[in-house]
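The sequence and the model are shown first, and the description follows.

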Amino acid sequence: MDKSVLVIGGGVAGITAALKLANSGVRVVLVEKSPELGGAVVSYCCKATEQCNKCSVCVANQKMEELWSAPNLSLFTSSAIGKVARGEGGFHITVTRKPTYVDDNKCVRCKLCTEKCPTKPSSIFLPPPHSPLQSYVIDTDRCLYFQSKKCKLCQEVCPAEAINLSQKAGEENFQVGALVVASGFSPFDSSRKKRYGYGVYPDVITALELEEQLRIEGKLSRPSDGSQPKQVAFIQCFGSRDAHVGNNYCSRVCCTYTMRLANLLKFKHPDSSITIFYMDIQTFGKEFEQFYQQCRQKIQFIRDMPSLIQQDGDNQLLITYQDRKEGKVEQSNFDLAVLSVGLCPGEDTEKLVELLGLQTNEHGFFKSLSPLQTNETEAEGIFLAGTCQGPRDISESVAHSLGAAEKALAYLGAE
Amino acid sequence: MAEEKRIGLFLCNCGGSLNAHLDLKRLKEYSQGLLQVVYVEELRTFCLPEDSQRIASIIKKENLSGVVLAGCPHRNSESIASAIARESNLNQHLITFAPIREHCAWAYPQRETATLKAEKMLASAVARNILLHPLEEEELPAEKSVLIIGGGIGGIQTALELSRMGFGAIILEKKPHLGGLMKGTAAPFDSVTQPLELISSRIETATKDPGIDILTSSELIKLEGEPGRFQAHIKQKGKKKTITAGAIVAAAGYLVSFPKESYGFPLSERVITQSQLSAILADEKKTQALLGGDKGKGKNLIFILGMGGESTPLTTAFALKVSSLIKEKYNWNIFIIYNNIKVAGEGLEALFRQCRSQGIILLRYDESRPGFTVSKEKIDIRLSGLLTSLEKEEEVTLPGHLMVVEERIEPEPDFENLAQLLGINVDPQGFLQKDNPHLFPIATNKAGVFVMGSCHHPMLLPFIMEEAAATALHIAEQLSEGKIRVFKERAMVDKGKCTLCLTCIRLCPHNAIFYDRAAVISEALCQGCGVCASECPAEAIEIRNYTTHQLMAEIGVSRKAS
Ligand SMILES: Cc1cc2nc3c(=O)[nH]c(=O)nc-3n(C[C@H](O)[C@H](O)[C@H](O)COP(=O)(O)OP(=O)(O)OC[C@H]3O[C@@H](n4cnc5c(N)ncnc54)[C@H](O)[C@@H]3O)c2cc1C
Ligand code: SF4
Ligand code: SF4
Ligand code: SF4
């Protein structure tokens, strides 16, 4: 049989599995639905203070770099799996690709198109360096070609012939021997918990938004007025361990990322005071318990899940919680509230499950064959990698996807 | 003086876009005047296959022995260089880059300044290229067998995975039998996994597997050699033998101990550890004797967590599962007293809730730890600041008739010794290998030596199984086809200059240096980090292509050109 594998999802897990398989001599097709690879991690910040705090974010970036020089690999970004049919010699797959107009594999990043574009600002450009998207894009709302078919200057000047303005959605067919699903997670939708004011008060943000802000700006500011917040609250288990929203599981990563973020904020802004509202703190993994003890020295931990976030007249957030020591309801002012969102099943899970003939588990993640066979599924030749199977951090996702690669190799070898 | 080089310099105009920023004609003339440069050409896009093919053909035609590519700092530069190298048979390490696009063209608004700076960069790049040596990769034969230290579930599973991929595995176990900690675990791990059944079936498969050798009552006493060819000296029941292995995996588990100082009272009939309870549960008679009949009527069975440091998902899972089982079958009042409930593992939160709905009482203490009064028939547990009601902090005394205490998970006392033998680090707690995100979790500072499972940090079984697969795959890739690829002479010792002060041996983070009359660097272990070269007081070590001479030439020329 043809030794080839289709990897669905280009997050840390998908990239790792694809790299390992490609380096083992297997032909790999990597399909990612968004325009850029990397998944969730591309918007995270490095959490180093005077020292590296082992968040693994840089490791994910490193993996993406390795991908550029991997052999045997076809990359399909902005693409989706259309059809999957099991047949003679494995799986027959149809991949549909949205038009991107610029072929990133050809683009040499010479800037000519941006310079020559007659619109001001240019309608074809490389997004800023902090953006997760690092290939040239066309803003079709401004581009003259898409507005009135009047201009084709960029396509003419591109020395690499990377631009094709008349590109249509394309369809390609493949045949592969095995499948690795690495479609990742979705962060909890914070607007579902109405009492916390997400989407209503600008200074209630999610941890993802905080990560992104720190990655882009390197410092913290309040969305409402740009000032530097002095009192910051983190609210743990947001959308996890919560039967009311149907998520009867712990997301594993939010305690660790929150402490690393809180520690980083304290380092960047020593005059700020940080409070973490929590139910239980999860410590596991290497050297994390010590890190937690250090955090307790500089960060205030309050054991309660607040019941309400409001905004008062002075543009201050008012958080209502229960002071268990005093046995009474308390209200405190904060400048910023960060919701430590949990990991929920990826948004395409249901769709993929149906397409591939798989099942979900009681929490809505992909169901694995057994609790100890987390890579295997009930469908032969289909393997799971990373957070699509359940909450994991980056290094665990890496290890898990290597397991998936190993299982896929063994499956191809045995055929 | 080495023989003259024939250097080719290729200027990329990036699809014509650089002409506006740089005087490429002048740069071309300037380059032609540089020492040992015999060929100069302007290209449009050297990152595209057509141009790299052209470069390769010119290398052959002009018999070039060095190439400088002046253009962008391409994210693909390594693969471009390797493609050119493959086509032209020129060593990849003789192809270097001068990023004049980002460093000159785009950095200066004036064309003149940018061009001047580009001249300097080109001169520097050529000066260094003249002195570069080819760096060859070499394939050394590698043993297709792996020594696994530790015969618990992690070690056995890794051996099985390796054997399936056609590798030999040797399991070294210091105890007289395989199985490790799981042998004494009776409580089911999840809805389907019975640990005793699991471990015995795995032991049976491993014993029957012709690809797996099992050495019990054995210990490692010395490790020599390098990846591909380690020699492990071992002692089996007093007898010594030597095994050769291509790679080493430490899967040495952990130790549990009762942290008496955190409780202030010893173990007794009334106070037993989780391990003791687990052993009792494996025996129906003993279980009846402890829990059965009327024994639990009106009595309190207490599980306590988090006293000797933070609890772990491992011990929390045990308390939750076992209490739920006991509640089903016997008539004890069950309490679980904890500080942080560790539910970061698949199914644990659901189990936590299930316990609650079964009528098990979960009590959480905070900073104020519980106090104990031990008497003959019971242990009184004083809990303050109970987080059970809206009432103000108050003290509650709970009589305990049987108490199950959590043990502390600790590194084995011989880890330090093992780490030293293997040449790897330990973390501040004493578990194997320091935490470092830049290392893949199972990799260590020493090439060819890996750690997996709970000996680097305690982990739940599904994660151990995942690591076993990852470890096996990683090793299989490195030793595939019985060969291992290494760089030849990446770091070189000048034997005449070496005074054997041992500085490098102490400082090499990868334990790659030995001595034999002078320092000797193992090519298979060296990672080319350069620490030894920068620290050697006698300046006896040089890193190929980063020698002082080469770097000075690069800086020196650029200074002269200014
Ligand atoms: C706020 C926050 C902070 C975190 N911080 C850390 C941290 O500091 N350290 C750490 O170790 N972990 C952290 N994590 C966890 C970390 O994000 C995950 O472990 C990691 O991203 C998992 O990678 P993945 O590849 O499994 O999933 P993802 O990153 O979600 O990648 C999945 C990819 O699949 C693609 N995809 C989905 N469906 C399809 C489809 N149908 N077809 C094609 N492609 C598809 C998606 O577009 C995406 O690119 C954090 C999580 C959160 C929420
Ligand atoms: S990204 Fe994370 S792991 Fe990497 S250096 Fe920064 S803190 Fe350390
Ligand atoms: S990791 Fe922490 S914050 Fe996240 S769900 Fe678990 S307990 Fe809550
Ligand atoms: S360069 Fe020197 S210090 Fe670094 S790994 Fe090699 S021998 Fe060790």
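## Helix H6 of chain B and helix H14

The axes of H6(B) and H14(B) cross at roughly 40° and come within 8 Å of each other. Axes here are lines fitted to C-alpha atoms, for helices over the stretch in contact, and angles run from 0 to 180 degrees between N-to-C directions. Helices (H or I, at least four residues) and strands (E, at least two) are DSSP runs, numbered from the N terminus. H6(B) and H14(B) are therefore oblique to each other; angles under 35 degrees count as roughly parallel, over 145 as roughly antiparallel, 65 to 115 as roughly perpendicular and the rest as oblique. The model is a predicted one, in which local features need pLDDT of at least 70 and side-chain atom pairs count only at pLDDT 80 or more, while totals for chains, interfaces and linings use all residues. Residues are numbered from 1 along each chain as its sequence is written, chains are lettered from A and ligands numbered from 1 in the order in which they are written, and side-chain values use heavy atoms, with hydrogens and water left out.

The crossing of H6(B) past H14(B) is right-handed. A crossing is left-handed if the near helix is turned anticlockwise from the far one by less than a right angle, and right-handed if clockwise. From H6(B), the residues Ile153(B), Gly154(B), Gln157(B), Thr158(B), Glu161(B) and Leu162(B) meet Leu461(B), Ile464(B), Met465(B), Ala468(B), Ala469(B), Thr471(B), Ala472(B) and Ile475(B) of H14(B), contact meaning heavy atoms within 4.5 Å. By class, this contact of H6(B) with H14(B) has nine nonpolar, four polar and one charged residues. Ala, Val, Leu, Ile, Met, Phe, Trp, Tyr, Cys and Pro count as nonpolar, Asp, Glu, Lys and Arg as charged, and the others, Gly among them, as polar.

## Helix H6 of chain B and helix H7

Helix H6 (residues 153-164) of chain B also packs with helix H7 (residues 195-208) of chain B, at an angle of about 40° and with the axes 10 Å apart. This angle makes H6(B) oblique to H7(B). Their crossing is left-handed. On H6(B) the contact is made by Ile153(B), Ile156(B), Gln157(B) and Leu160(B), and on H7(B) by Leu198(B), Ile199(B), Arg202(B), Ile203(B), Thr205(B) and Ala206(B). The contact of H6(B) with H7(B) has seven nonpolar, two polar and one charged residues.

## Helices H9 and H11 of chain B

Helix H9 (residues 274-281) and helix H11 (residues 313-329) of chain B pack at about 40°, their axes being 11 Å apart. H9(B) is thus oblique to H11(B). H9(B) and H11(B) cross in a left-handed sense. Gln274(B), Leu277(B), Ser278(B) and Leu281(B) of H9(B) make the contact with Thr315(B), Phe318(B), Ala319(B) and Val322(B) of H11(B). The residues of this contact divide into five nonpolar, three polar and no charged.

## Between the two chains

The contact between the chains takes 72 residues from chain B and 68 residues from chain A. About 5900 Å² is buried between chain B and chain A, and carbon and sulfur atoms give 53% of that area. Buried area is the accessible area (1.4 Å probe) that two parts lose on being put together, summed over both.

Eight salt bridges are counted between chain B and chain A, a salt bridge being a side-chain nitrogen of Lys or Arg within 4 Å of a carboxyl oxygen of Asp or Glu. Over all chains, the structure holds 44 salt bridges. Lys20(A) and Glu477(B) form a salt bridge at 3.4 Å, N to O. Lys20(A) lies in helix H1 (residues 12-23) of chain A and Glu477(B) in helix H14 (residues 461-478) of chain B, so the pair joins two chains. In the salt bridge of Arg392(A) with Glu466(B), the closest N and O atoms are 2.8 Å apart.

## Backbone details

Most residues other than glycine have a negative phi, and most peptide bonds are trans. Lys120(A) and Pro121(A) are joined by a cis peptide bond, with omega about -10°. Pro121(A) is in the loop between helix H3 (112-116) and strand S6 (124-125) of chain A. In chain B, Ser217(B) has a positive phi, near 45°, and is placed in the loop between strand S8 (212-215) and strand S9 (218-226).
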